Amino acid sequence: MITWRVPRLFRPLLNGLNIGKAQPCKVAEHSQAPATLQPERSFSSTHWLRDVPRDPSSAERVTVHFINRDGEKLTAVAKEGESLLDVVVNQNLGIDGFGACEGTLACSTCHLIFERDVFQKLDAISDEEMDMLDLAYGLSDTSRLGCQVCVKKSMDGLTVQVPMEVSDLRRQLEVGKQSKQ
Amino acid sequence: MGASGGWRGASALRCLRPAGLAGRAWGHGAPWGWAWVGWIPCLLTFLLVSCPGFKRPLSTSERVPRICIVGSGPAGFYTAQHLLKHHKLARVDIYEKLPVPFGLVRFGVAPDHPEVKNVINTFTQTAQSDRCSYYGNVTVGKDVTVEELQQAYHAVVLSYGAEDNRILGIPGENLSGVYSARAFVGWYNGLPENRDLKPDLSSKTVLVLGQGNVALDVARILLTPLDLLRKTDITEGSLAAIASSKVKRVWLVGRRGPLQVAFTIKELREMVNLPGARPILDPADFAGLRDAIKDVPRPRKRLTELMIKTALEKPGEKEAKIWASATREWGLKFLRSPLEILPTADGKRARGIRMAVTRLEGSGESATAVPTGEVEELECGLILSSIGYRSLPLGSSVPFDRKHGIIPNHLGRVQGVPGLYCSGWVKRGPTGVIITTMNDSFDTAQSVLEDLQAGMLNVSNTKEGFESVRSILQSRGVHPVSFSDWEKIDAAEVARGQLAGKPREKIVDPQEMLQLIGLAPFHSVSLKGKTLYSVLFFKPNERK
């Protein structure tokens, strides 16, 4: 299964036209050394591992809370510089269908809703991110794609909401209808 | 579904009865007082099985729901994923008519959009997990019927998508030089049934009827510089044909106006920035539009703003450079509805199209195009109809709504057929991107889980799953392709691709795929009568 075993970093070579789609967090952290200096990560059976800052021990630990679609609060300790998608994947948080395109701005499944004051302090949104966000369900004024938001020390204690999907809303309506009968 | 004390605790309790046997087992002369020691393992067992978290090893009477999914595209895989994640015992089998999995992710997503195909990684994990099995090369409806599947499984989910396309229904539609965009996409993506399409690319002007993302995809593939296409997983055969293409201009024609375009902004932006190509947008089409979009939701607003900007404003430095040296063009034509495809003098090929000029009645998504009486003709030798995919009915046992092209259902439960479900395009209609299908599939999976929970699928009635289906397939001479077989085909495609500097070189002949995995002979020796190989490996009507 050659494609499956190709390290993520070599994938851009195989993807040809895909080389330009670096995530903002990775660019900031990996501008110098090639990531092959990091210990080779094997693929776990549950999720694909994503790159983390070069020197994990010195990276600040930041607590992030994700409120899942069913209201459950998932807490993770993230490393500064990871994207919120990295956090969900690396810590195997149980959010269905999160990060389908693996952070390449080709879907909107890592859509998250932020508190207004946090949202305003986030790095500027690119046209490319907004293009994909436009297709997300439950788009709000404080929506961003998790793969484009990098964890910073100042975000410690951050709470983000995983938006409800169309199907969730429809089921709520169904349950509501049935209970009224 | 979880372990409970219940009857299992009671059976362990039985060993606590004072028993002459227990006493005697301790041997002659053992004081009666020692017999109580025999009760210790019984007591411990009782306590153990009564514990809420205790997991017994599976026995044949375990209530394992067996679920079958028909179709291995995103709908099939996302439905499987959700079921396996949220039910700890369920076993899911995915059937696919082609030897290879992944449906439109492999055959629909454009070659120059490899990031969208990353979902294959998560699908691969699902297929490789313990409770999931993949069976390719099995056509449901022909090799095994839906009824037979319903006998073998507790629940059957139909996720077979939309393999056909809507037709124009106008004269000249069947002339040479007219193709459905679906077939064209299948051709450059290596879908076996379209490998011999041989579209004639000798015309300078191409007309694409439709203004959705598929229309933009085919336009872009026709106009992308060869150097870029060469590095993608576009098939070798189609790359060669496109290399000798004479196509210089592609029009995307819609019946309605700019506010009703179905394509999305990412794809439009790609087109605007396409190297070597220049957009032709008529400023008159966009006059007054800025005011019209003031209060429209953000996605439609930004999309329209990009079109307005491209049509009316001076291009930025980057675009100006591309457009100045462009050798190819693409444009959008609005308010034109096809009436007839005009034939060449010999009546065999398309040479042009006659279209009705329309005007809009109403506004927004629900605006309709009404003919004005005026008519326009355009010369072109290649017409691609991109007006929508279409699902086909599976058989008499599965209800089908021909008007809407879907299986009638409520939240994924097929109407009137308990135990039958559907997900993806065959459930909702053939529109939407991967996230749409993902949510829809989770939705259907949720219905299945609810029905399991409510006892509506009678899991205590043991079903054999593939074990029943295996003998049916064998008797019909059908050889399923496993996921590890697919991995061999995958490896071969990647290896061939590497030689050409591509992510993969897709194998387009199903026979070649089967040969690679040993399900068909490499050489059929031509002898009188049937060869031993053909008797062993081919179905009776295919033996040579």
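A: The account below takes the sheet, then a pair of helices, then a single helix. The model is a predicted one.

In chain B, three strands make up an open sheet, ordered S11-S12-S13, with antiparallel pairing. Its edges are strand S11 (336-343) and strand S13 (368-379) of chain B, each of which pairs on one side only. From one strand to the next, the twist averages 20 degrees. Strand S12 (residues 350-361) of chain B is joined to S13(B) by nine bridges in the antiparallel sense. Within this pairing, B:Ile353 has B:Leu378 of S13(B) as its bridge partner.

The helix pair consists of H4 (residues 74-86) and H6 (residues 119-128), both of chain B, whose axes come within 10 Å and cross at roughly 50 degrees. H4(B) is therefore oblique to H6(B), since angles from 65 to 115 degrees count as roughly perpendicular and those under 35 as roughly parallel. The crossing of H4(B) past H6(B) is left-handed. On the H4(B) side, the contact is made by B:Pro74, B:Phe77, B:Tyr78, B:Ala80, B:Gln81 and B:Leu84; H6(B) contributes B:Val119, B:Thr122, B:Phe123, B:Thr126 and B:Ala127.

Helix H17 (residues 434-453) of chain B comprises 20 residues and reaches 28 Å from its first C-alpha to its last, close to the 28 Å expected at 1.5 Å a residue. Of the 20 residues of H17(B), 17 are buried, so this helix is largely enclosed by the rest of the structure. B:Gly455, which follows H17(B), has a positive phi near 75 degrees.

Note on methods:
Residues numbered from 1 in each chain as written. Chains lettered and ligands numbered in written order. Predicted model: local features only at pLDDT ≥ 70, side-chain atom pairs only at ≥ 80, totals over all residues. Heavy atoms only, no water. Pairing = 2+ DSSP bridges. Helix = DSSP H or I, 4+ residues; strand = E, 2+ residues; numbered from the N terminus. Axes fitted to C-alpha atoms, helices over the stretch in contact; angles between N-to-C directions. Expected span 1.5 Å × (residues − 1). Buried < 20%, exposed > 50% of the residue type's maximum accessible area, 1.4 Å probe, protein only. Parallel < 35°, antiparallel > 145°, perpendicular 65-115°, else oblique. Left-handed = near helix turned anticlockwise from the far one by under 90°. Contact = heavy atoms within 4.5 Å.
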